[in-house]
Amino acid sequence: MDIQQDGEARRMPAGLVALALGSFGIGLTEFVIAGLLPQVSGDLGVSEAAAGWLISGYALSVAVGAILLTAATTRLHRKAVLVGLVALFVLGNLLSAVAPNYVVALFGRIVAALCHGSFFGIGSLVARRMVPPERASRAVAVMFAGLTVANVLGVPFGALVGERWGWRATFWAITGIGVLAVAAIAVWVPAWAGAVNEAHRPAGLRRQLRAFRSGQVWLTLAATALGYGGMFGAFSYIAYTFTEVTGFSSADVAWLLVVYGTGLVIGNVAGGRAADRDRDRTLIVSLAGLAATLAAFGLLAGSRVASVVLIFLMGVFGFASVPGMITRVTDAAGGAPLAASANVSASNVGNALGAWLGGLAITAGLGYTAPLYVGAAVVALGLAVMVVTAASAAAKPMANTKV
């Protein structure tokens, strides 16, 4: 990095804001549909179960697209890839906005989802190149800030716009945000930040795949999947916990989710800063905090005050590990973009696993606090993996890789 680049990197680069705008749009696309399903199913003439595939189909496409698109674009300049990915996101949401039937709407969701994992995987590498190495996790946190804000605003935004102007208007609005993100990335992300490496030589797919020989990569991916899985397994059924156990009304769930989302935003920022000081300790503390929070939530779910505090802490600890996990897996993989995208896929696999296990616990008649205990157990397993991972890394430290 030359002197001009170094001076730019020491400020908060506008390129990070552009990436955060892209992550905000992508996050809205992921979360907004939950508040629109009744309208969509009624307008397109399908059952609510079929409309649910607009959520699950999206999640599956994220997991697959993260690997396939990253592998397919491995020899391309990363800035150009990011612009192309957000353009794909725009196309997908445009298809959903104008969809004449359910099939086209679902196809639009799938197209939009394909960019999700690759954007966060490749974007995290570009983000950390715009700052000095000691601020890498904070840079990733800034990019992910858009996603956390979208988590807070997504469902109420979709419900508000959908109620006033119809569900299609929501997708038109997200399409507009995507267009702005394309322009911002094209203008504000510097070309040098998208270079594959300092020598500007392309990183081949074969070399990236060799990175997966590292045990540290696989252990970090496992810790990611288990940490996310435990939280999402509990979160998937949290509305039932609030209404059936705590005694909140269904109308209260919206503001309770805002409390959770606020915790996500704070956890993301705090986790990024802490990870730059001591990454593995931050990951261990955040996973331990999440496991303890979920267990305590299960015990105290009958208390309204405790539930509000614990849903906030669930958000804080749940997202505090995200920046550190991303930078850790890419460092362990020698900066391979495929590893960063694999981390996003791992989180989505964990989400599916956690939701499935939580559902099994409810079906078994264990009650609506059961997903909280199941989540705590899954996160505790992730904590054990992270402790082993950190210990093995301390015995044989990873190289501090520039990407």
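This text goes through the nonpolar cores of the model and then some residues at its surface. The structure is a predicted model, in which local features need pLDDT of at least 70, side-chain atom pairs count only at pLDDT 80 or more, and totals for chains, interfaces and linings use all residues. Residues are numbered from 1 along each chain as its sequence is written, and side-chain values use heavy atoms, without hydrogens and water.

The largest nonpolar core has 87 residues. A nonpolar core is a set of buried Ala, Val, Leu, Ile, Met, Phe, Trp, Tyr and Cys residues joined through side-chain atoms within 4.5 Å; buried means under 20% relative accessible area, exposed over 50%, and partly exposed in between, with a 1.4 Å probe and protein chains only. Leu19, Phe119, Phe144, Phe297 and Met314 have the most contacts inside this core. Helix 7 (residues 102-129) gives the most to it, with ten residues. Helices are DSSP runs of H or I of at least four residues, numbered from the N terminus.

Beyond its neighbours within four places in sequence, methionine 314 is in contact (heavy atoms within 4.5 Å) with Met231, Ala234, Phe235, Tyr260, Leu290, Thr293, Leu294 and Phe297. A second, separate core of 13 residues includes Leu221, Leu338, Ala339 and Ala342.

Tryptophan 188 counts as partly exposed because its relative accessibility is 45%. Leucine 68, in helix 5 (residues 53-72), has 55% relative accessibility and therefore counts as exposed. Its C-alpha atom is separated by 8.6 Å from that of serine 118, 50 residues apart along the chain.

Notes
Helices (H or I, at least four residues) and strands (E, at least two) are DSSP runs, numbered from the N terminus.
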